[in-house]
Amino acid sequence: ALVLTGLTALLVLLASGAVRSRLQRFLSENFFTHRYDYRKQWLKSIEILSANRNKAAVQTRVITAIADVADSPGGTLWVRDIDGAAFCWAGSWNCPAFAASEAIESRFISLFQGGEWVIELASSPVKPEWMGEIRNAWLAVPLPHQDQLIGFVVLVRPRAPFDLDRETFDLLRIVGRQAAAHVAEQQFAQALAEGRQLYDYGKRFAFLVHDLKNIAGQLSMIVQNSRYNEGNFEFYQDVLQTVHAAHDRMSNLLQKLRLRTGEAIGA
């Protein structure tokens with residue numbers, strides 16, 4: 001009975017995320033020289049970031065990989081916009097979605113020191129307005145790519161007390177750089193897809209403009225010749241046929257345009 005009770009209590013405790021976090025922290029602090037096994041941590045981060053895209057979006061994978069280092073149960077991702085004027089909310093993991101942005105020249109962004117510094121939000125001298133939207137906001141981890149800060153991840157406080165040390169900050173910066181490469185890849189892929197879409201639209205509208213110019217040329221000739229054929233019944237019969245033909249061509253062009261636009265929207 002004593003053994004059964006002990007095993008039951010152990011299973012209940014291990015089912016708790018907070019208990020697992022405390023146990024892992026106790027073992028790492030008292031039985032290992034280094035807090036992290038860097039080889040396992042690096043392989044785990046790569047596995048999370050390179051997971052099947054159908055299972056999780058790149059935003060979720062980036063947040064999860066960084067949160068795993070600090071045992072954080074959730075976070076949000078902020079990415080530099082196309083104009084490069086601000087960092088905008090791009091995704092959440094176990095956190096609510098909201099619309100907010102942070103100017104690139106703000107005092108808060110300057111605290112990252114170009115991507116070399118992890119910000120402890122509790123002791124930060126700058127408190128952005130969007131911090132109120134994230135419950136238990138804890139750390140802001142930069143995402144530097146090619147000497148440029150392309151985003152940052154805000155982590156929420158872990159379930160169990162977590163002591164931040166130099167080793168943790170170093171690992172967060174390392175994983176942040178790797179995650180930034182995946183964010184940049186996703187941005188380049190999106191820009192390439194948009195460029196191809198614009199190219200396809202350009203090709204389609206080039207044919208449309210060509211046909212419209214032909215129709216406009218026919219109508220222009222009718223206007224010019226009408227000055228010299230007043231009262232000519234045969235001329236006006238030809239004009240009527242030409243106008244009918246132009247109307248049919250215009251209707252066909254509009255129908256094709258509707259179909260192609262519908263296909264593009266569906267794709």
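Reader: In which sense do strand β5 and β6 pair, and over how many bridges?
Author: In this predicted model, strand β5, which covers residues 137-144, pairs with β6 in the antiparallel sense, and seven bridges join the two.

Reader: Which residues sit opposite each other there?
Author: Pro144 has Leu149 as its bridge partner in β6, and Leu143 stands opposite Gly151 of that strand.

Reader: And what about the turn, which residue takes a positive phi in the hairpin of β5 and β6?
Author: That is Gln146, with a phi near 55°, in a hairpin that has four residues between the strands.

Reader: How many residues of β6 are buried?
Author: Eight of the eight residues in strand β6, residues 149-156, are buried, so the strand is largely enclosed by the rest of the structure.

Reader: Zooming out, in what order do the strands of the open sheet come?
Author: Six strands make up the open sheet, and their order is β3-β2-β1-β6-β5-β4, with antiparallel pairing. The edges are taken by β3 (101-103) and β4 (119-120), each of which has a single partner strand, so one side of each is left without a neighbour in the sheet.

Reader: Which strands does α4 lie across, and which does α6?
Author: Helix α4 lies across β1, β2 (86-93), β5 and β6, and runs at about 80° to β2. Helix α6, in turn, lies across β1, β4, β5 and β6, running at about 60° to β5.

Reader: Switching to α3, which of its residues are buried?
Author: The buried residues of α3 are Gln41, Ser45, Ile48 and Leu49. Seen down the helix axis, these buried residues fall within an arc of 95°, so they line one face of α3. As background, an α-helix has 3.6 residues a turn, so residues three or four places apart point the same way.

Reader: What do those buried residues pack against, and what is exposed on the other side?
Author: The buried residues of α3 pack against α4 (58-69) and α6 (166-226), while Arg39, Lys40 and Glu47 are exposed on the other side of α3.

Reader: Last one, how far apart are the end C-alpha atoms of α3?
Author: They are 16 Å apart, which agrees with the 16 Å that the twelve residues of helix α3 (residues 38-49) should span at 1.5 Å a residue.

Notes
Residues numbered from 1 in each chain as written. Predicted model: local features only at pLDDT ≥ 70, side-chain atom pairs only at ≥ 80, totals over all residues. Heavy atoms only, no water. Buried < 20%, exposed > 50% of the residue type's maximum accessible area, 1.4 Å probe, protein only. Pairing = 2+ DSSP bridges. Expected span 1.5 Å × (residues − 1). Arc of directions from axis to C-beta. Contact = heavy atoms within 4.5 Å. Axes fitted to C-alpha atoms, helices over the stretch in contact; angles between N-to-C directions.
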